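Thanks for coming, everyone. I would like to walk you through one structure today, so please have a look at it before I go on.

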Amino acid sequence: MDFVNFKESNAFMSGHVACPGCVEALSMRVILNKVGPNAVAVVPPSCTAVICGPHPNSAIGIPVYHTSLESSGASASGVRRALNAQGKNDTTVLVMAGDGGTYDIGFQALSSAVERNEDILYICFDNEGYMNTGGQKSASTPLHAATGSTPAGKVSKKKNIIEMLAAQEIPYVATASPGHLEDMANKVEKAMAIKGMRFIAVNIPCLPGWGLEDNQGITSSRLAVECGMFPLYEVENGYKYTLNWKNKDNSVDEYLKMQKRYRHLTEEAINEIQVSIDADWERLLKKVRASE
Ligand SMILES: Cc1ncc(C[n+]2csc(CCOP(=O)(O)OP(=O)(O)O)c2C)c(N)n1
Ligand code: SF4
Ligand SMILES: [Mg+2]
């Protein structure tokens, strides 16, 4: 069992309105406790915004700027500069956004902020769809997953935002999982020690959106890592790749079977997913070896 090395500081409070069992709430607790009180959050519309809740009843212990879905990267850049102008260069600017607000609608503002190497810690809670609006597909939705707007299954692959940001030579980009909380806490700590743009995508199995039981969030996120659907890795300055979970040991079968969004799959479709995951894993291994 993972031991999470942080001191509880009431950065995230009980009484929030996440779905019971949601591992995004658990992840927020770990991340906010690691970031600490000297921070300002920038949050676009998303489950995160709902979980944070409105002032003065916010569930999180730092100020929150609720921005628009398009503009987290730009809003956070403005907050950063305003803080710097006040001499508060050591205050963390923490974006917490969903995949729709990151891979799709907010991508232009994010990509610009990365290009300017703004001093921002950007967390993307990646539940692979527009979940607080009822579960529509995003660019992050994986191949063949059924969503409200792709009821027969998505016809394209999940967009690989990690590689896109690595191509921009971002100082730090990583993936994290609520099934590996110590690794998540370590990554936040590492990112906090780096200046410039940092990005962590956190895999969030969405209970209603993926068709999971309330107690299956952690198991699903662990299986995602173990079967290679969501590899745990980091890329520093665009070239130094580190794999944090090396033992890809499961086929995708068990992972897919837990989720109602995949219940329509044929054997052929499952095989297509397996082939695609295996090929992505091999490509990732080559990059890891090349940077050793
Ligand atoms: C430009 C724009 N389009 C649509 C919306 C409506 N909207 C609010 S939240 C949301 C879903 C966001 O999805 P994601 O970023 O993945 O967050 P999640 O709800 O999954 O946590 C949408 C479509 C909006 N606020 N702004
Ligand atoms: S809709 Fe999904 S991601 Fe959002 S709070 Fe509920 S379980 Fe969590
Ligand atoms: Mg989402």
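I will start with the metal site and then turn to the nonpolar cores.

This is a predicted model, in which local features need pLDDT of at least 70, side-chain atom pairs count only at pLDDT 80 or more, and totals for chains, interfaces and linings use all residues. Residues are numbered from 1 along each chain as its sequence is written, chains are lettered from A and ligands numbered from 1 in the order in which they are written, and side-chain values use heavy atoms, with hydrogens and water left out.

The magnesium ion, ligand 3, is coordinated at 2.0 to 2.1 Å by D99 through OD, N127 through OD1 and G129 through O. Donors here are N, O and S atoms within 2.8 Å of the metal (3.2 Å for Na, K and Ca), and water is not among the atoms, so sites may look incomplete. Along the chain, these donors follow the spacing D-x27-N-x1-G. D99 is buried, with a relative accessible area of 1%, and N127 also counts as buried, at 5%; buried means under 20% relative accessible area, with a 1.4 Å probe and protein chains only.

Turning to the cores, the largest nonpolar one has 37 residues, and M28, I60 and I123 are among those with the most contacts inside it. Such a core is a set of buried Ala, Val, Leu, Ile, Met, Phe, Trp, Tyr and Cys residues joined through side-chain atoms within 4.5 Å. A second, separate core of 34 residues includes F107, A139, M197 and F199.

Key
Buried means under 20% relative accessible area, exposed over 50%, partly exposed in between (1.4 Å probe, protein chains only).
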